[in-house]
Amino acid sequence: MTAESVCVAMLGALKRTVRPALQQAQLLSALRHTHTPWTHKTQVRACAATSATLHLHQDSLELNYAGTQMHFNYVWLRDHCRSVSSYNSQTNQRILDTGSIDLNIRPDRTAVEDGHLVLSWPGGHVSKYSLNWLAENSYEGKKQSTVQPRIFWNSDIYKSANIPSAKWDTFMSCDDEVKKFLQNYLLYGIAFVDDVPATVEATEAVTQRVSLIRETTYGRTWCFTSDFSRGDTAYSQLALDRHTDTSYFQEPCGIQVFHCLKHEGTGGRTLLVDGFYAAETLRQRSPEHFELLSRVPIRHEYIENTDNHRNHMTGIGPVVNVYPWNNEIYLIRYNNYDRSVINTIPHGVVQQWYVAHRELTTELRRPENELWVKLSPGKVIFIDNWRVMHGRESFTGLRQLCGCYLTRDDVLSTARCFGLQA
Ligand SMILES: [Fe+2]
């Protein structure tokens, strides 16, 4: 390697999590072999607290900064230019037509000045990138960080955390209360608001503090009673095993809200299980089974044919869904009621898939992983339906439960606007 190096002055350090050294070494080794050396003149500015080093290659540059080795492709760099002619910082939208970039583009001049990478392109255009911005937006940086910090829980972990419920009055009037509520929701996948008037209208009002309601075939806000009014087991008095809802949607509903408006009888406690806790346990114990559940697509289906409702929906995807760049779990589909015919798994894989699925089921059914909650009038629960499973014990008497689904994008957007990582 004959690449030229540059040492530059930098102030401030980049906060990031530490990745395992072996993984880092493997990544760097793989990346090194994809680049051929390419010498280029660069400019030296100064040296101080934090140094940055550049190596120029055929189609990319290598930046060593804040303890991380990163690679930036030249087309990517031109595409991500933040100059006024390339990017509208008022609307946060790209102006540059990516289709107009020469795919063999290389900078004529490369420099690091005052904490910025400065590139001069053929034709004279100049691009300037803050080194911190590059570090935060590099593939290597993203691979090290989580999209959404979470605390995985079993019953003991959740109970000992003593998470306070939000209170209706302050929740409806104080943004800081909503922010605290959302922070708990993001970390644990469940959060409560207490003292809500036991009406459908108040339930809708409390949800609209954080999101839009996602209307589905069940309506905008639904009311469960044991009247079998819909072709679904939920509309009975029977116990329901842990499951995620609407797994038969291509995009399952992100958030579920429950509010028990009335119950004159016994039983009916709500069961909550952190699916990510179980899946992470499975990943540690049997990585090959985790891998299988995260790669094999299966189908969920909802067929309803009653006097008033006709529906036929299907959703296809793996039981466990992970981001491909950092393997972070973001979605679980687990619903034994609605799982459809398995015809998406080759013959030679079916047995292993069932073994993997059984291991996850065993984990999900461990009593220590079950959080039982008695929902009473006034207590509204928000559940991350991509993460936390719900179920219920059987009950007697009249039990009226209302609720709705929320659009996930809007909940996460509200959280980000509060400055939360989501
Ligand atoms: Fe459900």
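Which residue is the bridge partner of V273 in β23? I looked it up: M389 is the partner of V273 in that strand.

Before going on, a note on the source. This is a predicted model, where local features need pLDDT of at least 70, side-chain atom pairs count only at pLDDT 80 or more, and totals for chains, interfaces and linings use all residues. Residues are numbered from 1 along each chain as its sequence is written.

I started from strand β16, residues 270–274. Strands here are DSSP runs of E with at least two residues, helices are runs of H or I with at least four, and both are numbered from the N terminus. Two strands count as a pair if DSSP finds at least two bridges between them. β16 runs antiparallel to β23 (residues 388–392), with five bridges joining them. It also pairs with β21 (residues 370–373), again antiparallel, over four bridges. On that side I find L272 with L371 as its bridge partner in β21. I then checked burial: four of the five residues in β16 are buried. Buried means 20 or more other C-beta atoms within 10 Å of the residue's own; exposed means 12 or fewer, partly exposed is in between, and C-beta atoms are placed from the backbone.

**Entry: β24**

Next came β24, residues 398–406. Seven of its nine residues are buried, so the rest of the structure largely encloses this strand. I listed its antiparallel partners:

- β15 (residues 255–264) pairs with β24 over nine bridges, and F258 stands opposite G403.
- β13 (residues 222–224) has three bridges to β24, with L401 as the bridge partner of F224.
- β12 (residues 213–214) is joined to β24 by two bridges, and I213 faces L406 there.

**Entry: the cores**

How many residues does the largest nonpolar core hold? I get 62, and the members touching the most others are F181, I190, I255, A279, L293, L360 and F382. A nonpolar core is a set of buried Ala, Val, Leu, Ile, Met, Phe, Trp, Tyr and Cys residues joined through C-beta atoms within 7 Å. Helix α7 (residues 175–188) gives the most to this core, with six residues. I also found a second, separate core of 17 residues, including L54, L63, M70 and L134.

Leaving out residues up to four places away in sequence, I255 touches, among others, F382, Y405, L406 and V411. Contact means C-beta atoms, placed from the backbone, within 7 Å. D384, N385 and R408 are also among the residues that I255 touches.

How values were computed: Contact = placed C-beta atoms within 7 Å.
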